[in-house]
Amino acid sequence: MTVLITGGAGYIGSHCCVAFLQAGHDIVVLDNLSNATSISLDRIAEITGQKVVYEQADIRDQAKLETILKQHRCSAVVHFAGLKAVGESTKVPLAYYDNNVVGTHRLLSAMANCGVKQMIFSSSATVYGEPQFLPLTEDHPTRAVNPYGRTKLIIEDMLRDVAASDPSWGFGILRYFNPVGAHDSGLIGENPLGIPNNLMPFITQVADGRREQLSVFGNDYDTRDGTGVRDYIHVTDLVEGHLRAHEVLASGSAPSNCFAVNLGTGNGYSVLEMVRAFERASNKEIRFSFAPRRDGDVAECYANTELAHKVLNWKAERDLDAMCRDTWNWVCKNPRGYETAVD
Ligand code: NAD
Ligand code: UFG
């Protein structure tokens, strides 16, 4: 039986493909390449020594989804495909509802019609909104603070409703904290287009000289050095959590037919701690200056990881130095992304 990986050519999806192939699963990747290149698929093949079965398709194309699910005899779906930029979602909310909510609805409908009833879904810690307490447990109240976050919450609710309607469905909702890092081969990694919104890609572009300096958004938060604190998690640890979630669903050992768990390390690092860690890993100076707080940012956000440990028997293992080292290795080998690999 085969696992369908939607968004499998993207940043997290490509790492997930490697993990699933190396664990002996057959996979088929579905991606519309709206935010990826098929070169990532060649790299997955290079890392694993296995051919990657790929279907270029859009998750909103239900008829095509049904053909793919049947043709490849899929038994489960790992669902990464979607749009993910918070700022953009406030400018073009309908595109977010269409890709993320309508897309997931079509995918679930296709799965229902084909009798494929297990899904692992990429959710986000953004569903917790402003933390009322830390570390964040899965029963922390949820609240969307932007259209992107709202699409994740709507999808989570849709999955809970479908699960409640029929016990033969199985859903693992994985709430990611801040994924960073790259495969230790340096062959796959994050490849943002334009000016990066997120901290780690911005730091890498200062390190490699593409940007002059980092703006540190806020140095007056109530944190140990005044800058924002987040729970950064190595992408390789993150995708190992998916592998465990798949095993738990497939073996029938899930605590319920729709469970939600945090994927984080439980450790919070400040922006300045990230800058220093990246300087150590890259041996480059990261110039920065303080700028006003960014709208919508919270002071601190980090996970309680106990439930993930209990349900998935999984814990993140890679530390901040590994996250920075692997990111820098990827950037040095691919200075401007996939199109510019250097030997
Ligand atoms: P990404 O953009 O690299 O990957 C998403 C992939 O989905 C891309 O390859 C894109 O081409 C594809 N895609 C988008 N819309 C599609 C559609 N309609 N049909 C088919 N393919 C489509 O992003 P990522 O960082 O790998 O994120 C993967 C998932 O994890 C997303 O759902 C994202 O919301 C979620 N997530 C990411 C983060 C993060 O910080 N990276 C944090 C929390 C949650
Ligand atoms: N930051 C800077 N300068 C920058 C970029 C970020 O100082 O140029 C700071 C932010 O203010 C924040 C920290 O670095 O304190 C992390 O910011 P990111 O943008 O990297 O990450 P966020 O925590 O804001 O958001 C990320 C994803 C969201 C997701 C959330 C929780 O972008 O999609 O994690 O999973 F919802």
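These are my notebook entries on one predicted protein model.

**Ground rules**

I number residues from 1 along each chain as its sequence is written, and chains are lettered from A and ligands numbered from 1 in the order in which they are written. In this predicted model local features need pLDDT of at least 70, side-chain atom pairs count only at pLDDT 80 or more, and totals for chains, interfaces and linings use all residues, while side-chain values use heavy atoms, with hydrogens and water left out.

**Entry: the UniProt record**

I looked up the annotation. An unreviewed UniProt entry places "domain: NAD(P)-binding" at residues 4-327. Such positions are given in the numbering used here, feature names are shortened, and annotations may be inferred rather than shown by experiment. I then checked that span in the model. It is 40% helix and 18% strand, and its end C-alpha atoms lie 27 Å apart. Helices (H or I, at least four residues) and strands (E, at least two) are DSSP runs, numbered from the N terminus.

**Entry: Ile 173**

I found Ile 173 in strand β6, residues 170-176. Is Ile 173 buried or exposed? Ile 173 counts as buried because its relative accessibility is 0%. The scale is: buried under 20% relative accessible area, exposed over 50%, partly exposed in between (1.4 Å probe, protein chains only).

Next I listed its contacts (heavy atoms within 4.5 Å). Ser 122 is 51 residues from Ile 173 along the chain, yet their C-alpha atoms are separated by 6.6 Å.

**Entry: Ser 124**

Ser 124 sits in strand β5, residues 118-124. Ser 124 is buried, because its relative accessible area is 12%. Leaving aside neighbours within four places in sequence, Ser 124 is in contact with Tyr 148, Leu 174, Arg 175 and Tyr 176. A polar atom of its side chain lies 3.0 Å from the backbone nitrogen of Thr 126.

**Entry: empty space**

Rolling a probe the size of a water molecule over the atoms shows where empty space is left. I used a 1 Å grid over the protein atoms alone: a cavity is a set of points where a 1.4 Å probe fits but cannot get out, a pocket is an open set with protein on both sides within 12 Å along at least five of seven lines, and lining residues have an atom within 4 Å of a point.

How many cavities of 30 Å³ or more are there? The count is one. The largest cavity holds about 40 Å³ of space. Its lining includes His 79, Asn 100, Phe 121 and Lys 152. Helices α5 (93-114) and α6 (147-165) each supply at least two lining residues.

The second largest pocket holds about 250 Å³. It is lined by 23 residues, and Glu 190, Asn 191, Pro 192, Gln 205 and Trp 330 lie nearest its centre. The largest share of the lining, four residues, comes from α7. Volumes are the space filled by probe spheres set on the grid points, which are joined across faces, edges and corners.

A cis peptide bond joins Leu 134 and Pro 135, with omega about -5°. Pro 135 is in the loop between β5 and α6.

I also looked for positive phi in residues other than glycine. Asn 283 has phi near 60°, and Asn 313 has phi near 50°. Asn 283 is in the loop between α9 (271-282) and β13 (288-291). Asn 313 is in the loop between α10 (306-312) and α11. Asn 283 is exposed at 71% relative accessible area, and Asn 313 is exposed at 55%.

Notes
Polar contact = N/O pair within 3.5 Å; in protein donor to acceptor, adjacent residues only side chain to side chain.
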